Amino acid sequence: DDQVTLYVRFAAHMAAVLDSLEAAGDLPAGIDRKAVTVEPPRDASHGDLATNAAMVLAKPAGTNPRALAEKVAARLADLDEVAEVSIAGPGFINMRLTPDVWARELEAIASSGDSYGRSDIGKGVRVNVEYVSANPTGPMHMGHCRGAVVGDALATLLEYVGHDVTREYYINDAGGQVDVLARSVHVRYREALGEDVGNIPDGLYPGDYLVPVAQELAREFGDSFVGKPESKWLPLFRTRAVAAMMVMIRADLALLGIHHDIFASEAELQAAGKPEAAEAELRARDLVYDGMLEAPKGEMPEDWEPVVLPLFRSTQFGDDQDRPIKKSNGNWTYFGADMAYHYQKAQAADQLIDIWGADHAGTVKRIQAAVAALTGGKARFDVKLVQMVRLLRDGEPVKMSKRAGNFVTLADVVSEVGKDVVRFTMLTRKADAQMDFDFAKVVEASKDNPVFYVQYAHARISSLERRAQEAGLKLPQPDLSRLGTHEQDLIKLAAQFPRVIEGAANTREPHRIAFFLGDLAAAFHAWWNVGNDNPDLRVIVVNDPQVTAVRLFLSRQIGQVIRNGLALMGVAALLEMQ
RNA sequence: GCACCCGUAGCUCAGCUGGAUAGAGCGCUGCCCUCCGAAGGCAGAGGCCGCCCGUUCGAAUCGGGCCGGGUGCACCA
């Protein structure tokens with residue numbers, strides 16, 4: 001019971017109070033209580049906790065908020081943990097809690113340890129998070145980075161709150177771009193056999209990361225694919241090249257600490273006839289028909305001509321126009337295969353989440369339409385769009401030319417600033433807000449760099465532990481009744497952690513963890529800094545072991561919360577600053 | 001023309017999925033620290049939350065309509 005956190009406990013208190021009012025006939029039975037909240041008021045001078053119960057329930061109960069508030073307040077005042085209750089404004093019920101509550105929460109942090117903030121609100125519901133899914137045509141570059149980190153942190157977060165999470169990567173190994181990849185490798189293959197191929201032709205991938213793949217093919221097959229028609233070598237070269245690219249991509253992801261459970265292949269999906277099955281099902285329900293494609297609404301391409309294709313009725317689900325599932329050459333469109341892919345994912349999960357780059361925003365509606373059609377609206381399906389990251393160095397945009405494969409790779413960035421800095425920084429903005437990533441600023445050791453400030457707090461806490469040990473202090477068991485008000489304020493903030501986690505999980509917004517840690521670190525530094533002016537207020541007061549024991553205990557638990565938050569973000573907590 | 005995302009302090013951004021007097025960092029102003037637990041600290045000024053309606057006891061938050069910025073708009077992936 002010690003491990004039940006404050007807000008969980010008070011939700012139960014609230015329910016019990018309302019039950020007892022029902023039993024006493026002061027509240028009609030069966031009123032929806034979903035809107036009732038118990039949370040800290042924005043202004044701390046109002047108290048520690050506030051509930052809107054009276055305002056929310058007054059109307060359905062056929063009474064007025066003040067009258068109901070009186071009754072609720074009276075019962076809340078009976079709780080041991082509540083020191084004082086007051087009614088304010090339109091019917092807020094404010095509670096001030098006993099100091100003991102904060103001591104108890106601190107102990108809950110200590111006994112829960114790495115699990116403080118964990119919950120089971122996910123109830124084991126299966127969630128499939130698909131993220132990264134970069135085309136297997138080269139190494140990961142910075143454009144993939146943010147989605148990778150956001151997806152990974154979100155998956156970890158959902159696991160932490162009790163979901164059964166699958167991390168999935170969709171390999172786009174069936175489209176035209178992997179044929180281009182295979183042709184690019186063929187050029188390198190001829191080169192490996194001694195031919196002077198000159199510059200890599202336009203339209204092919206010029207990167208020299210293809211050289212080892214080609215050399216391997218040359219070693220294994222000699223010149224048997226030189227001067228032969230594509231049909232003789234293309235499938236083999238494609239398979240080998242994609243496999244090699246995926247090895248590279250996995251290595252890049254590993255640099256960020258990212259590992260997927262499932263790598264799903266589009267080519268295999270098609271070979272297994274999944275798109276045909278989805279089409280058949282939708283045709284049977286008249287959701288796929290053969291029809292004329294509408295002319296594009298934007299700039300008209302030169303070679304546009306009307307054509308009849310199998311179309312999915314995505315307009316019935318809110319899309320702007322129906323979408324082709326096959327091309328005029330008979331191949332599946334990306335959408336046609338993707339539709340079948342999402343159907344497949346929905347067989348093994350209750351909820352689907354896709355993390356996409358914002359440049360794909362235009363295709364969200366059609367895939368949501370397809371999932372709604374194929375699952376009968378059963379599966380919750382969210383597409384999370386991640387906005388672009390502008391790369392800067394000292395405020396100047398980093399030059400990138402897509403030609404010559406001269407992009408900034410993820411591996412380069414990680415080796416320059418480190419995994420933890422990349423991951424934390426990518427989570428310091430809402431996913432749908434644009435972001436700058438300045439190589440100079442993210443490693444700056446100052447207060448306006450949240451990565452630094454949070455790590456610095458944790459390092460200070462670790463250093464306190466070390467110094468207490470080095471000083472050889474004989475410390476008693478901490479007597480938590482000696483916590484001061486400043487210290488209680490720090491606990492109050494730390495106690496929000498489980499709520500922040502819950503909110504971040506429900507809204508699928510892992511960035512909230514980063515902001516919370518920034519606030520908690522700032523509060524810790526402020527507490528630390530009072531010791532600058534007054535040595536009696538330092539954590540370690542050599543001639544007062546009682547106080548030292550309590551403050552050290554508090555400091556250790558703040559460190560625990562910071563560590564738990566960082567762990568969810570996939571960031572290692574530093575024991576000392578470099 | 002349509003769709004999606006964004007408009008909150010001078011700048012960069014939070015705002016707990018409807019709560020009370022709107023928050024942080026930077027910048028600015030003032031004081032403190034330079035005898036070290038200071039890769040700083042404390043305090044202050046600064047906002048019709050793009051605009052207008054609506055829903056509600058209550059709106060930065062929800063709905064509708066405008067205005068402004070970004071992105072995307074045949075079978076590409």
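Predicted model: local features only at pLDDT ≥ 70, side-chain atom pairs only at ≥ 80, totals over all residues.
Student: Where do I start with chain A, and how many helices and strands does it have?

Tutor: Start with the inventory: chain A has 19 helices and 15 strands. Then look at the extent, where the C-alpha trace spans about 85 × 65 × 40 Å along its principal axes.

Student: What share of the residues counts as buried?

Tutor: For burial, we count neighbours around each residue, with 20 or more other C-beta atoms within 10 Å making it buried. Here 39% of the 578 residues of chain A pass that test.

Student: And what do the contacts say about sequence separation?

Tutor: Take the contacts between residues at least 6 apart in sequence: in chain A, 73% of them join residues at least 24 apart.

Student: How do I read the open sheet; in what order do its strands come?

Tutor: You'll find 5 strands in the order E7-E6-E5-E11-E12, with parallel pairing. E7 (262–265) and E12 (380–386) are the edges, each pairing on one side only. On average, neighbouring strands are turned by 25° against each other, direction ignored.

Student: How many bridges join E5 to E11?

Tutor: There are 4, linking residues 126–130 of E5 with residues 351–357 of E11. To find your place, look for Val129, which sits opposite Ile353 in E11.

Student: Which strands do helices H5 and H11 touch or lie across?

Tutor: H5 (residues 142–160) lies across E5, E6 (164–171), E11 and E12, at about 160° to E11. H11 (residues 334–347) packs on the sheet too, touching E5, E6, E7 and E11, and its direction makes about 140° with that of E11.

Conventions
Residues numbered from 1 in each chain as written. Chains lettered and ligands numbered in written order. Helix = DSSP H or I, 4+ residues; strand = E, 2+ residues; numbered from the N terminus. Buried ≥ 20, exposed ≤ 12 C-beta atoms within 10 Å, placed from the backbone. Contact = placed C-beta atoms within 7 Å. Pairing = 2+ DSSP bridges. Axes fitted to C-alpha atoms, helices over the stretch in contact; angles between N-to-C directions.
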